[in-house]
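Colleague: I would like to learn how to read the features of a model like this one. Please give the general idea each time, then the case at hand.

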Amino acid sequence: MTQLEKARSVINDVDAEIAACFEKRMHAAEDVVAYKMENNLPVFDGAREKEVIERNLARITDEKLKPYYEDMLRQLIRISKEYQNAIMHQCSDRSISDENTENCTEEEK
């Protein structure tokens, strides 16, 4: 196996881990938006976003990678907010069928 093939193999393994972690993160975002809907809270929480970015950037030891990791975190947060907003919108749309409202509170179904 060449050096390139080895590096690509590592990337493939990491990509599989990222996919599993992404699903886990987005399922947790479903729980977050359910709580926010029940408590009439907005999706956007600037203080929480800042905390998440700062806490996670502190985990990166390779300084040259920090700006790229920060960009990835910001993209993950943006995607999570889009997903949460989609769920909120879906729950507020009374014309949708029940099988599409698993994340909605009983009052919203």
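The dialogue below goes through the helices, the salt bridges, a surface patch and a pocket.

Modeller: This is a predicted model, in which local features need pLDDT of at least 70 and side-chain atom pairs count only at pLDDT 80 or more, while totals for chains, interfaces and linings use all residues. Residues are numbered from 1 along each chain as its sequence is written, and side-chain values use heavy atoms, with hydrogens and water left out.

Colleague: How many helices and strands does the chain have?

Modeller: Helices (H or I, at least four residues) and strands (E, at least two) are DSSP runs, numbered from the N terminus. This chain has 3 helices and 0 strands, in the order α-α-α.

Colleague: How many salt bridges are found in the whole structure?

Modeller: Side chains of opposite charge can pair when their charged atoms come close. A salt bridge is a side-chain nitrogen of Lys or Arg within 4 Å of a carboxyl oxygen of Asp or Glu. The search finds 8. One of them joins Lys-81 to Glu-49, with the closest N and O atoms 3.0 Å apart. That pair links distant parts of the chain, Lys-81 being in helix α3 and Glu-49 in helix α2, 32 residues apart.

Colleague: Is Glu-49 buried or exposed?

Modeller: Buried means under 20% relative accessible area, exposed over 50%, and partly exposed in between (1.4 Å probe, protein chains only). Glu-49 has 17%, so it is buried; Lys-81, at 23%, is partly exposed.

Colleague: Which residue meets Arg-74 in a salt bridge?

Modeller: Glu-70 does, at 2.8 Å from N to O. Both lie in helix α3, 4 residues apart, about one turn of the helix. Arg-74 is partly exposed at 45%, and Glu-70 is partly exposed at 23%.

Colleague: Which residues form the nonpolar patch on the surface?

Modeller: Patches are made of residues with over 30% relative accessible area and no salt bridge; like charges are joined within 9 Å, nonpolar side chains (Val, Leu, Ile, Met, Phe, Trp, Tyr) within 5 Å. Areas come from the Shrake-Rupley method with a 1.4 Å probe, only the protein chains shown counting as cover for residues. Here the patch consists of Val-10, Val-14 and Ile-18, with about 240 Å² of accessible area together. Ile-18 lies in helix α1 and is partly exposed, at 46%.

Colleague: What space lies in the largest pocket?

Modeller: On a 1 Å grid over the protein atoms alone, a pocket is an open set of points where a 1.4 Å probe fits, with protein on both sides within 12 Å along at least five of seven lines; lining residues have an atom within 4 Å of a point. Grid points are joined across faces, edges and corners, and the volume is the space filled by probe spheres set on the points. The largest pocket holds about 760 Å³. It is lined by 25 residues, and the closest to its centre are Arg-25, Val-52, Leu-76, Ile-77 and Ser-80.
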